[in-house]
Amino acid sequence: MCSNAKTLIENGQTYLGIELGSTRIKSVLIDVNGNILAKGSFEWENHFVNGIWTYPLDEVWTGIAQSYQDLSSVVRDKYNTVIRHISAMGVSAMMHGYLAFDEQDNQLAEFRTWRNNTTAGAADQLTDLLQYNIPQRWSIAHLYQAILNQESHTKDIAYITTLSGYVHWQLTGQKVLGIGDASGMFPIDSTTKDYDRRMVNTFNELISQQHFNWKLENILPKVLVAGESAGLLTEKGCRLLDPSGNLQAGCVLCPPEGDAGTGMMATNSIKVKTGNVSAGTSAFAMVVLEKPLSQVYRDLDMVTTPAGDLVAMAHSQNCSSDLNAWFQVFDEVLNVFNIKVTPDELYAGLFNKALEATPDGGGLLSYCFYSGEHGVNLTTGCPLFLHPAKADFSLANFLLVQLYTAFGAMKLGMDTLTKKESVNIEKIFAHGGLFKSKETAQKALSAALNVPVAVLETASEGGAWGIALLAAYMQQTSISLTDYLDKIVFVNSSDNVVNPEPNWVQGYETFIQRYKNGLAIEQVAANFATNQN
């Protein structure tokens, strides 16, 4: 494999995927069949500045360059060669948010990420006006909220985009976006594979009294679908990506995509009645629909696959941050006694302990809300753990409840999909850090959704691998995206399925009722935490 991989690398027959996640920027180099040749990463964190969750754009480029340098070092050490040419590449990133620029390409406002819950007024008005669910984190909600706030920069806007769209633009000069990421900016018409024209006109009428010199259709990225060319890597893009100067310009880029779409790629869940759950800093479940939903639901977003097929998404802002904080405390306890374990050993050991828990968590309750949570009407968050005097406060139950609550807000949205709309889900593919210890996290998620949950061996590679696959797919023009995944990439993959156990399903239903009943306590805690600041 090493000698063949070296030949592929030196002949430029490889595909590069870069994903900017919430806590890591990952780079993955693959061959045309999706086999991973090398990986690199860079750790980063968002900043909470003047009430806004953000990342400075200079950190974007520092992180991308260092992630690529890390990958290049692996290639040099493992294959004794350097990357000079690649066949194609792609960029993925956190969906939604708001990046605005003027005609001179100057940034007009701080990057407002998906994590902000500051657009409730705009989101509610737009949902009512368009009769289409507009979540707070969507780009159009951020834009309209800035207009409602009378922010002076809105008159100077020439272009708005997402993080993946911004990075792609700088690498290629092209102002485009993959349809999946675009569907988190503004509603998409799944028949035309473009922004919904009627809704665009309605929005333009809504803001007509502002007398801006722009129309919405002129400041949004052009929408592209999987397989289409999205431009070439420029000399400027090369230097941003690889300051060492080894990488040469000219490779083609696939449409930039959001982490939801690339997660679907990485889990082979772009077919109807399949779905995937991504669990990291946030959690979201996506299910490919057979038909549109019967009505608008505020806890379900309508987005698309990278091919443009309709998808319902149940999204929660918060997932693993609080669990990670507790596990860090456990690690500190071990260190007091000079017991050293690796992070993987810590998580595996504690997750295995959770399997001994009472299926409903023993009456314990936890909320993992580091930030606000739109699905339960929280503008701000406050992590919270409660153990009533009569609860069974054991380590196993404590750990299980931390895992249960990580899926809690997402579960509420999925209940709308399955119980109100009777959507049939044959299988959910799970990916993200929580599923490195497969059995416990799978069992908890299967109980939450009452659906078989599969974890593929490649699931931990996530969106960087998913966008690399989209780049490689550009050379597969004779087959559909579904066939490329089924017949080439995942042809020999094992699903590793965990089926829902009835006693755990009932246990989770008992927990989620407790969760809903206690939300008023969380609201008080969040208000208290806000007032202390």
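Which residue stands opposite Met 286 in S18? Met 313 of strand S18 takes that position. The model is predicted, with local features requiring pLDDT of at least 70, side-chain atom pairs counted only at pLDDT 80 or more, and totals for chains, interfaces and linings using all residues. Residues are numbered from 1 along each chain as its sequence is written, and side-chain values use heavy atoms, with hydrogens and water left out.

Strands S16 (residues 283-288) and S18 (residues 310-316) pair in the antiparallel sense over six bridges; pairing requires that DSSP finds at least two bridges between two strands. Both belong to an open sheet of seven strands with mixed pairing, in the order S17-S18-S16-S15-S21-S22-S23. Strands S17 (301-304) and S23 (497-498) are at the edges with a single partner strand each, so one side of each lacks a neighbour in the sheet. Helices (H or I, at least four residues) and strands (E, at least two) are DSSP runs, numbered from the N terminus.

The largest nonpolar core has 140 residues. Such a core is a set of buried Ala, Val, Leu, Ile, Met, Phe, Trp, Tyr and Cys residues joined through side-chain atoms within 4.5 Å, where buried means under 20% relative accessible area (1.4 Å probe, protein chains only). Helix H16 (residues 462-473) supplies the largest share of this core, nine residues. Leu 143 is among the residues with the most contacts inside the core. Beyond its neighbours within four places in sequence, Leu 143 is in contact (heavy atoms within 4.5 Å) with residues including Phe 203 and Trp 214.

Eleven of the twelve residues of helix H13 are buried, so H13 is largely enclosed by the rest of the structure.

Notes:
Buried means under 20% relative accessible area, exposed over 50%, partly exposed in between (1.4 Å probe, protein chains only).
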